[in-house]
Amino acid sequence: RFEEAIGLLAQVGTVGRAELILLQADALLCLERPAEALRLLPPAPPADEDGVAVPPRTAARWYNNRGCLLVCASLLAEAEAALLRAVELAPDEAEYRFNLSLLHWRAGERRQACEGWLVFRGHPADATAATYRRLADETTPRAADAEGAQSHASGALHASQAAALDRLALRYFEELRSSEEFPGYWDARREVAHGSHEPGIALY
């Protein structure tokens, strides 16, 4: 069916028609031909036949899809630039923020990945380890969220995917805060011990 869709789009013509180009690229990606899909998406979306720029939402989708294809090509710096542009154009679109966070995680920028996602999702960025642990324990996708997952071509972010990244980011910050709080805990214990002069307290 995807081959048929590509053939129909070729007959209709996609020059200067960003939405149709995106559909064609989606079809190629579903056929596991990401390099061909990437060639369809230059760094910026084309204006229409009258020279009118595409709407911001269409442009955001263009940059997001191009960014994902650049990740497939292991061009992470270019992918980050494209995904940042998508987020800038559509800051409330979860899919674009999700993809950017995954890119940062893959690039080893784990704190940036998790912090950006948590702030977007309305979680605190300065809570205690215990708070992050509780939030992670409470973040469990409903059984219904596992049903009806969207196809690659739809571009939709499924609730279970968002919840999985929620848990990953919350667990990361739980461990990060624990590592920061642990020295402070023992410093406080040491001060109490020195001040109390009680025997039998071993400090390491």
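The protein chain shown here has nine helices and zero strands, and this description rests on a predicted model. Read from one end of the sequence to the other, the chain follows the pattern α-α-α-α-α-α-α-α-α. Of the 204 residues in the protein chain, 34% are buried. Among the contacts in the chain with a separation of 6 or more, 58% are accounted for by residues 24 or more positions apart.

**Helices H4 and H5**

- The axes of H4 and H5 come within 8 Å and cross at roughly 160 degrees, an angle over the 145 degrees that marks the antiparallel class, and the two helices are therefore roughly antiparallel to each other.
- In this pairing, H4 passes H5 in a left-handed crossing.
- On the H4 side the meeting residues are Pro56, Ala59, Ala60, Tyr63, Asn64, Arg66, Gly67, Leu70 and Val71, and on the H5 side they are Leu76, Glu78, Ala79, Ala82, Leu83, Arg85, Ala86 and Leu89.
- Sorted by class, the contact of H4 with H5 has twelve nonpolar, two polar and three charged residues.

**Helices H5 and H6**

- Helix H5, which covers residues 76-89, and helix H6, which covers residues 94-106, have axes that come within 9 Å and cross at roughly 155 degrees; H5 and H6 are therefore roughly antiparallel to each other.
- H5 passes H6 in a left-handed crossing.
- The contact is made by Leu76, Ala79, Glu80, Leu83, Leu84, Ala86 and Val87 from H5, together with Tyr96, Arg97, Asn99, Leu100, Leu103, His104 and Arg106 from H6.
- By class, the contact of H5 with H6 has nine nonpolar, two polar and three charged residues.

**The nonpolar cores**

- The largest nonpolar core has 25 residues, and of these Leu41, Trp62 and Tyr96 touch the most other members.
- Two or more residues of this core are given by each of helix H2 (18-30), helix H3 (34-40), helix H4 (56-72), H5 and H6, and the largest share, seven residues, comes from H4.
- Tyrosine 96, when residues up to four places away in sequence are not counted, touches Arg57, Ala60, Arg61, Asn64, Ala86, Val87 and Ala90.
- A second, separate core of 14 residues includes Cys114, Ala127, Ala162 and Leu176.

**Asparagine 65 in helix H4**

- Asparagine 65 is found in helix H4, and because its relative accessibility is 12%, asparagine 65 counts as buried, the cut-off for that class being under 20%.
- Once its neighbours within four places in sequence are left aside, asparagine 65 is in contact with Leu22, Asp26 and Leu41.
- Asparagine 65 and aspartate 26 are 39 residues apart in sequence, while their C-alpha atoms are 8.4 Å apart in space.

**Helix H7 and the residue that follows**

- Within helix H7, which covers residues 110-120, the buried residues include Ala113, Cys114, Gly116, Trp117 and Leu118; Cys114 is also included in the second, separate core of 14 residues.
- Glycine 122 follows H7, and the phi of glycine 122 is positive, near 85 degrees.

Note on methods: Residues are numbered from 1 along each chain as its sequence is written. This is a predicted model: local features need pLDDT of at least 70, side-chain atom pairs count only at pLDDT 80 or more; totals for chains, interfaces and linings use all residues. Side-chain values use heavy atoms; hydrogens and water are left out. Axes are lines fitted to C-alpha atoms, for helices over the stretch in contact, and angles run from 0 to 180 degrees between N-to-C directions. Helices (H or I, at least four residues) and strands (E, at least two) are DSSP runs, numbered from the N terminus. Angles under 35 degrees count as roughly parallel, over 145 as roughly antiparallel, 65 to 115 as roughly perpendicular and the rest as oblique. A crossing is left-handed if the near helix is turned anticlockwise from the far one by less than a right angle, and right-handed if clockwise. Contact means heavy atoms within 4.5 Å. Ala, Val, Leu, Ile, Met, Phe, Trp, Tyr, Cys and Pro count as nonpolar, Asp, Glu, Lys and Arg as charged, and the others, Gly among them, as polar. A nonpolar core is a set of buried Ala, Val, Leu, Ile, Met, Phe, Trp, Tyr and Cys residues joined through side-chain atoms within 4.5 Å. Buried means under 20% relative accessible area, exposed over 50%, partly exposed in between (1.4 Å probe, protein chains only).
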